[in-house]
Amino acid sequence: MKTSATPGGTAATLADKNGNARTWHEPEIITGNQTFASITEKIASINEGKTPTGWYIAFGVAAFFAVALFAQIGWLFWKGIGIWGLNQTIFWAWDITNFVFWVGIGHAGTLISAVLFLFRQKWRTSINRFAEAMTIFAVICALLFPTIHVGRIWVIYWILPFPNSMEMWPNFRSPLLWDVFAVTTYFTVSLMFWFVGLVPDLATLRDRAVPGSLRQKVLALFSLGWRGGNKQWKHYEKAYLLLAGISTPLVLSVHTIVSMDFATSIIPGWHTTIFPPYFVAGAIFSGFAMVMTLGLVARKVYGLENFLTMNHLENMNKIILVTGTMVGYAYGCEFFIAWYSGNEYERFAFINRAFGPYWWAYWSMISCNVISPQLFWSKRIRTSIPAMFVISIFVNIGMWFERFVITVTSLSRDYLPSAWKYFSPSIFDIGMFIGSFGLFFTLFLLFIRHLPMIAISEVKGVLPQADPHWYHQDDHGANGHSVNGGNGHGTHKNGNGQKEEELAVKNGNGNGH
């Protein structure tokens, strides 16, 4: 097989079964005949240009619900968690449902950034930046719910492991304490990973900012003196690789530990060994669905069709299809094991899920999580923008219902019929759930307004021009040397004499030509 880099992507010459040579063209990752300069201009202009009116409207709505969330939290601190619909039987409800839901949403960012990076999947470069941001904001929303669930927030420091006069010490055998370490570690590593990837792009925005302005000073502070030299790129790539390696186990470990909050109990419907892989697959499933939802909106609003192409969208739809099938398989396994085990309590718990008082939640979950992703077997639907947008929303609705079904149905009917209760959410349950979306979108809108939502430096690295052996007549000067074949930041002047630093592929000398 012979491969070569071309302006239209990668071409490979293969021999068919008769020995005839045939050329296969890999789809372009970035379309529109982009150059290093056009990528910088397009992505940076989103942050540097005038703020769209629609952004102000969306931010106002999101901020309103975020403020309403914190107002309700203040009332909860004053009155107690009795303002929720909890009762003595169902002591976990929407609060823990929301916690697991938001932790799951945050999984796609790490998978896209770390796992796909280690597997050298170049198409990740267009979606990894806002997927990482989405991870951080989702984990912030997730941590909010168990924090306020303790009720007496002013003594939450009692759960910390430090010597005290009351001789109280956390129970390290409790998965609830494992949650604290797992989720905070996940948040810390994800934040570091996101920031390290931002450094070259912050330097690009710094060099384009008005000299002496507050914006330039802030960008200069956070770009850490980045100049794009060979030594800096060497350390950057090593740090990025190490963080990717550290983050990869977290994709599996975090939701595994969250699942153990349930699996280590003896409640029927919870006490099952399938929960760890089932929760991880569900987390990736819901996370990619949220990336799809946000990505489609940003693609349309900011005109990013050349960066977030149909190839990217179809790849994400395939992952949603695979993980959705895995989740559906897990649902079937649960019912099979409940029957095969001969445990009458387990059998009753799952029959009760499907045909008991919460049947509507269970079948909503099945419809959204199992049936709707199967439509992606059709290439026509898999490449339809309206279809994938609607299905991605259905998936996240279904994944919320999944967490609700697991949490509430098992608690509502356990071993003692005399303790059976039905859960009805209060206005504060509903209000805080909607408010968490307000907080998430407030943070996300601030991110896309002030920081590059697409990784400029990484996207340049997947262009055909990034290949040292790439040749194009338009990119050669009179002396025959490629103007884009250098490394680090090549500097040229435009018609106004203004310098623009462009990132090229590294060839070992750290200088652009």
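1. Start with the surface. This is a predicted model. The protein exposes about 24,200 Å². Carbon and sulfur atoms supply 66% of that area.

2. Next, the overall make-up. The protein has 513 residues, and 50% of them count as buried. Its secondary structure comprises 16 helices and five strands.

3. Then the contacts. Take those between residues at least 6 apart in sequence. Of these, 74% join residues at least 24 apart.

4. Look at helix H14, residues 385–412. H14 has 28 residues. From its first C-alpha to its last it reaches 40 Å, close to the 40 Å expected at 1.5 Å a residue. There is a bend in H14 of about 25°, at Val 405.

5. Is H14 enclosed or open? Of its 28 residues, 20 are buried, so H14 is largely enclosed by the rest of the structure.

6. Now a nonpolar patch on the surface. Its members are Tyr 157, Trp 158, Ile 159, Leu 160, Met 166, Met 168, Trp 169, Phe 172, Val 180 and Phe 181. Together they have about 970 Å² of accessible area.

7. Val 180 sits in helix H6, which covers residues 175–208. Why does Val 180 count as partly exposed? Its relative accessibility is 36%, and partly exposed means between the 20% limit for buried and the 50% limit for exposed.

Terms used: Residues numbered from 1 in each chain as written. Predicted model: local features only at pLDDT ≥ 70, side-chain atom pairs only at ≥ 80, totals over all residues. Heavy atoms only, no water. Patch = residues over 30% accessible without salt bridge, like charges linked within 9 Å, V, L, I, M, F, W, Y side chains within 5 Å. Areas by Shrake-Rupley, 256 points an atom, 1.4 Å probe, with all protein chains shown as cover. Salt bridge = Lys/Arg side-chain N within 4 Å of Asp/Glu carboxyl O. Helix = DSSP H or I, 4+ residues; strand = E, 2+ residues; numbered from the N terminus. Buried < 20%, exposed > 50% of the residue type's maximum accessible area, 1.4 Å probe, protein only. Expected span 1.5 Å × (residues − 1). Bend = angle between axes of the 7 residues up to and from the residue. Contact = heavy atoms within 4.5 Å.
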